[in-house]
Amino acid sequence: MIAIIGEKPSVAKSIAAIVRANEKHDGYLSGNGYLVTWAFGHLVGLAMPEAYGIQSFRRESLPIIPDSFQLTPRQVKAEKGYKADPGALKQLKVIKEVFSQSDKIIVATDAGREGELIFRYIYQYIGCNKPFVRLWISSLTDKAIREGLQNLKDGSLYDNLFLSAQARSEADYLIGINGTQALSVAAGQGIFSLGRVQSPTLAMICTRFLENKNFVPQKYWQLKLQTTKDNVTFTALSTEKYDTQQAAIDTLQRIKEAETVQVKTVERKEVNQEPPLLYDLTSLQKEANTKLNFSADKTLSIAQKLYEGKLISYPRTGSRYISQGVFEEIPERLVNLEQYSRFAGYAAGMKGKALNSRSVNDGKVTDHHALIVTENLPDKMEADEQAIYELIAGRMLEAFSEKCVKDVTSVMLECAGALFTVKGSVIKSAGWRAVFAEKEDGEDNATLPAMQDGDSLPLSDIELLEKQTKSKPLHTESSLLSSMETAGKELENADLKASMKDTGIGTPATRAAIIETLFSRQYIVREKKNLVPTEKGLAVYNIIRDKKIADVEMTGMWENTLAKIESGEMNPDTYRKGI
């Protein structure tokens, strides 16, 4: 007998259908020499301090550092403390029975750090020693499952992945339990939760909120000039920003006496915009927050549903690239989209064209490639599911399209000794931008008349604009995800951002849950799209702001270390000592 274990019932049932294990039992399926069972996510976790005979929330108990960690079934709140979840106990019993009847196990939990941990903790807890192999797939289509079952990997190849997951789990326990209990004991009332990733994330939200609140805007003035050429009227802004109103008015008066505007320089250049890379989970969550106002958590749960519905590839990916092998399947996926009404025309237009290979890089594909749609076309979807599916399908069309080519004209004008600038752009070939036909932020797409250096134009109007400097905006989920990705570094450069990704805080798979934890702890609230700390959140931040537990950069370094444990470059014990 061969046992197969999935991370949740729906996934296990998809696999059971392929191996023809169709006979239903309580907690598993059987048939054709297979027993297929499932977990419900994390069925087993690290035991609470009481299991080691340590009393919680006592000053004398701290720090709580078990000599060796004990595993326990998933806990739920009871009248006094916690008790084992009856559903978890029941399913663990089924899994133990299924494993005992089998000669070997196929591990089909999610192919990632947490999926590995879910299986290994169950395996250790029930005391199993049967050999196991790994099903490692990036989508749940029948084809992917069949191919995966033909290419099963030896379980030991994923030992380092488990060690990394275990180190993460134990570090979160040590920092979370000790930090939470120390702060709560010190406060003398109430429970204040701290955590390895949640605390630096809270610090980023509070820092930005306080910067914004304490920001003192500075006034400045600019001049706006209007002129005409070949019956086209356009405006230009002064290059100088005046600190005093009087200086601006003096210049304005001087200009009013002038009748003409001189064209000093005209620069024309062709600008090529490469298409964006495919989505990883974080970039999808950012886009869905900006465009659809979805929370990171909502986007992840919809993407998970689409994945389990065999419509998209594995969502918890940290890569924005695909391998050469996957690239070979892309033309067929694009042909498929000709049958999807929103993209039918555009997809048909890509036929026979050379596909852009910017998103193709074997070296940059981690455990899973970027998010793409599968060969299965959706039938009926709910509106929110359709919105996320169309973001992923549309981005796929964009990523493999031609670049967008624009003619950009920059003109410098002079009037009474003051300089003014204006920019215009004309799209020559929309390329990838035609998928959603959206304007760029801040793009006026003004078409300027033809001008040459030395041209003299009439002065139509001049006006004074009063402006003020702006603070950094409050964090939205989209901007917070960016900051988590780069460990708080404000990076505009895409390559630099990519290099910082390895030192971000949290992982693409966990960032949504971290943000939701801050909501559930009542540390932050949503005001429209903005994330705003509560009084409780600010009180906690003020206590921890200078402590290592709130250090974003250090948490980023830890995440980097976990990646090194996964690749076998670092010993987990070194990491544990640091924690």
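How many cavities of 30 Å³ or more does the count come to?

## Cavity

The count comes to one cavity of 30 Å³ or more; a cavity is a set of points, on a 1 Å grid over the protein atoms alone, where a 1.4 Å probe fits but cannot get out. The structure is a predicted model, in which local features need pLDDT of at least 70 and side-chain atom pairs count only at pLDDT 80 or more, while totals for chains, interfaces and linings use all residues. Residues are numbered from 1 along each chain as its sequence is written, and side-chain values use heavy atoms, without hydrogens and water.

The largest cavity has a volume of about 80 Å³, taken as the space filled by probe spheres set on the points. Its lining (residues with an atom within 4 Å of a point) includes V11, I15, D110 and Y307. Eight lining residues are nonpolar, one is polar and one is charged.

Seven strands (DSSP runs of E, at least two residues) form an open sheet with mixed pairing, in the order β2-β3-β4-β1-β9-β10-β11. Strands pair if DSSP finds at least two bridges between them. Because β2 (23-25) and β11 (153-154) are at the edges with a single partner strand each, one side of each has no neighbour in the sheet.

Strands β9 (residues 104-108) and β10 (residues 132-134) run parallel and are joined by three bridges. V107 has R134 in β10 as its bridge partner. Helix α2 (residues 86-100) packs on the sheet and touches β1, β3, β4 and β9, contact meaning heavy atoms within 4.5 Å.

## Salt bridges

The whole structure has 31 salt bridges, each a side-chain nitrogen of Lys or Arg within 4 Å of a carboxyl oxygen of Asp or Glu. One of them joins D26 and K90, with the closest N and O atoms 3.3 Å apart. Since D26 lies in the loop between β2 and β3 and K90 in helix α2, the pair ties together parts 64 residues apart in sequence.

Terms used: Helix = DSSP H or I, 4+ residues; strand = E, 2+ residues; numbered from the N terminus. Axes fitted to C-alpha atoms, helices over the stretch in contact; angles between N-to-C directions. 1 Å grid on protein atoms, 1.4 Å probe; cavity = no way out; pocket = protein on both sides within 12 Å on 5 of 7 lines; lining within 4 Å. Nonpolar A, V, L, I, M, F, W, Y, C, P; charged D, E, K, R; others polar.
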